[in-house]
Amino acid sequence: MKSEFKKDDCVTLHIEDIGTGGEGIGKADGFTFFVKDAIVGDVIEAKIMKLKKNYGYARLMKVLTPSKDRVEPKCPVARQCGGCQIQEMRYEAQLAFKQKMVQNNLERIGGLSDFEMYPVIGMETPYAYRNKAQFPVGEDKDGNIVIGFYAGRTHHIVEQTDCCIGAPENGEVLRKVKAYMQKNQIRPYNEEHHSGIVRHILIRTGYHTKEIMVCLIINGTSIPNAEALCRQLAKISGMTSITLNVNKKQTNVILGDKILPLWGKETITDYIGDVKYQISPLSFYQVNPVQTVKLYQTALEYAQLDGNETVWDLYCGIGTISLFLAQKAKFVRGVEIVPAAIEDAKRNAQINHIENVEFFVGKAEEVLPREYEKNGVYADVIVVDPPRKGCDEMLLKTILKMQPKRVVYVSCDSATLARDLRFLCDNGYELKKVCGVDQFPQTVHVETVVGLHRKNM
Ligand code: SAH
C-alpha cells in the first residue's frame, strides 16, 4: 500500500510487537512502523524519521499510555548508548521476549516442533554482571576528554563511566585514568586524524577472585609518567594487573597484539565452577560469570555424561566447556581456530591438573573430518558453540558420519541454530530439549542450549 505519511509527521502508535533488535512495532492506518525504545503495550507519539515502501522508522517522542511492562531505565543514557536495547522493559518481560524469539525461530525457520522448551534461565539481579568492558576514549568539541560507550551504529561516544551492567569498580578506574590524562596532558586518540594516544580502556574483573585488570590501548608504545598512573590505580582494592596494549593501526579492531606490562601481573585469575582460569587482556572469556556456570551446567546436563564418554568440544575458545565437561567425561577434545586461545586452553588444563583433554588448532570443519577419517577418532557426545553464523555444513556432515549418541548445541543466534538443527533433524537426530540462558540482560541477545539425540536409541 502507498503511505500518505511524510517524514517528520507525528503519529500515534499502539505497540503490538517487538522486532529482533528490540524495537517496538506498531501500525498507523495499516502502515507498519519500527520504533526504538518503545515496548509492547505502549501507546506512543512518534515522529517519522524514514519511510520505505511498506514500512517506516519513527522516533519515540512521548509515551502516552505506558505498557504494564514499562519500567524506568536504571541508566540515564540508556536511549543514546548502543550497549543496551531493552532496559525500559521489566526483566520478566525481557525473558519472555527472548524465549518467544528462540521458539519462533526454531518453529518458523527450522520447521521444528515437538521439543521441550524450558523457560529462559534469568539472573536474580540482572545488573552489574559484565566482567569486561572496553571504554572508548575521545574528546568533545571543546577538547574535553570523554569516556563512555559508542551510540548505536556510530562512533559517537556517549559519556558514561558508571554503566549499570558493568562492574561497579569501573567508575573509579575511569575517573583515575581521566585525571591522570588531564594532569599529564595526554590526548585521547582521534580516529579521523589518526592522532592522540589513548584509544580504549579495557577493564576486567574476576568475579570470584575480585582481581582487577586495567589495560590502556594506545596509539604508541609508551605513555608519559606511567608510574603516576600506576600509583593511583594501585590504590583501588583488588588491582592486580596494569598493562598497555599497542595498537597503532587505523582500524576499528580494538586491541593490538602487543602487551606491555606496567604494574603487577600480566593476567588475572577467575573460576567457572571449580575450574581456574588465567585471563590476559587478549584472552576471550565469557563476560557474564554468574550465567556462564548455568549455561555450562545446562550443556553438561544435556550431554548426560556418566564418565565413560569421549567428547568433542567444537569452537572451544579457551577450552572452558572442554575443561568443565572433562571433570565428568572420559576424554575431551577441543577445536578452535585462534592459536592464542588454544595456548590459553592448554595452560588452563595444566594449572587445573586436568589431563583427559587434548586441544587442536584449526577450523572445526577441517580438523574433525581429518581426525575422524585419518585417525578414526570417535565421539559419544559432540558439543558445538559456533559464532553467530552457525556451523559449517561440512562439519554437520561429519557429525552425521560420526553418529554421536548426543549432540549439544550452544548458540548465540537462534536463527542459524534453527537452520543447523533442521539439517541434523532431517538426518537422524531428534531435538529433545531447548533452554535459553540470559547471558546478556538488558540487551536483545540470548544464548540457547539444545540437546539432540540420535534416533532409535
Ligand atoms: N566455547 C567457548 C567459545 C565460543 S565462541 C566458550 O564457551 O567460551 C566461538 C569460538 O569459535 C570463538 O572462539 C572463535 O574464535 C571460534 N571459531 C570461529 N570459527 C571457527 C572455526 N571455523 N573453527 C573453529 N573455531 C572457530
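**Close-up views of a predicted model**

**View 1. Helices α8 and α9 side by side.** Here E393, L396, K397, I399 and L400 of α8 meet D420, F423 and L424 of α9. Sorted by class, this contact of α8 with α9 comes out as five nonpolar, no polar and three charged residues. The two helices, α8 and α9, pack at an angle of about 30°, and their axes are 10 Å apart. As for handedness, α8 passes α9 in a right-handed crossing. Like everything else in these views, the pair comes from a predicted model.

**View 2. The other partner of α9 is helix α1.** Helix α1 covers residues 91–108 and helix α9 covers residues 414–425. They pack at an angle of about 35°, with 8 Å between their axes. Which hand does the crossing of α1 and α9 have? It's right-handed. On the α1 side, the contact is made by M101, V102, N105 and L106. The α9 side brings in S414, A415, L417, A418 and L421. Go through the residues of the contact of α1 with α9 and you get seven nonpolar, two polar and no charged.

View 3. Read across, the strand order is β6-β21-β22-β20-β19-β16-β17-β18, and the pairing is mixed. The edge strands are β6 (116–121) and β18 (357–361), each of which pairs on one side only. On average, neighbouring strands of this sheet are turned by 15° against each other, ignoring direction. Helix α4 (residues 289–303) packs on the sheet, where it touches β6, β19, β20 (406–411), β21 (429–437) and β22 (447–454). The direction of α4 makes about 165° with that of β21. Helix α8 (residues 393–402) packs on the sheet too, touching β16, β19, β20 and β21. Its direction makes about 165° with that of β19.

**View 4. Zooming in on β16 and β19.** Strand β16 takes in residues 310–314, and strand β19 residues 381–384. How many bridges join the two? Four, and the strands pair in the parallel sense. For a landmark, find W312, which stands opposite I382 in β19.

View 5. β1 and strand β4 (residues 43–51) run antiparallel and are joined by five bridges. Along this pairing, T12 stands opposite E45 in β4. β4 also pairs with strand β5 (residues 55–65), again in the antiparallel sense, over eight bridges. Here K50 stands opposite Y57 in β5. Three residues sit between β4 and β5, and the two strands form a hairpin.

View 6. V173 has its place in helix α2 (residues 170–183). Buried or exposed? V173 has a relative accessible area of 0%, so it's buried. Leaving out residues up to four places away in sequence, V173 touches I203, V214, L233, I236 and M239. Take M239: V173 and M239 are 66 residues apart in sequence, and their C-alpha atoms are 9.7 Å apart in space.

View 7. Most residues other than glycine have a negative phi. D8 isn't a glycine, yet it has a positive phi of about 75°. Look for D8 in the segment before β1 (10–18). With 45% relative accessibility, D8 counts as partly exposed. N225 is not a glycine and has a positive phi too, of about 55°. Where does N225 lie? In the loop between β11 (212–218) and α3 (226–233). N225 has a relative accessibility of 37%, so it counts as partly exposed.

Terms used: Residues are numbered from 1 along each chain as its sequence is written. This is a predicted model: local features need pLDDT of at least 70, side-chain atom pairs count only at pLDDT 80 or more; totals for chains, interfaces and linings use all residues. Side-chain values use heavy atoms; hydrogens and water are left out. Buried means under 20% relative accessible area, exposed over 50%, partly exposed in between (1.4 Å probe, protein chains only). Contact means heavy atoms within 4.5 Å. Two strands pair if DSSP finds at least two bridges between them. Axes are lines fitted to C-alpha atoms, for helices over the stretch in contact, and angles run from 0 to 180 degrees between N-to-C directions. A crossing is left-handed if the near helix is turned anticlockwise from the far one by less than a right angle, and right-handed if clockwise. Ala, Val, Leu, Ile, Met, Phe, Trp, Tyr, Cys and Pro count as nonpolar, Asp, Glu, Lys and Arg as charged, and the others, Gly among them, as polar.
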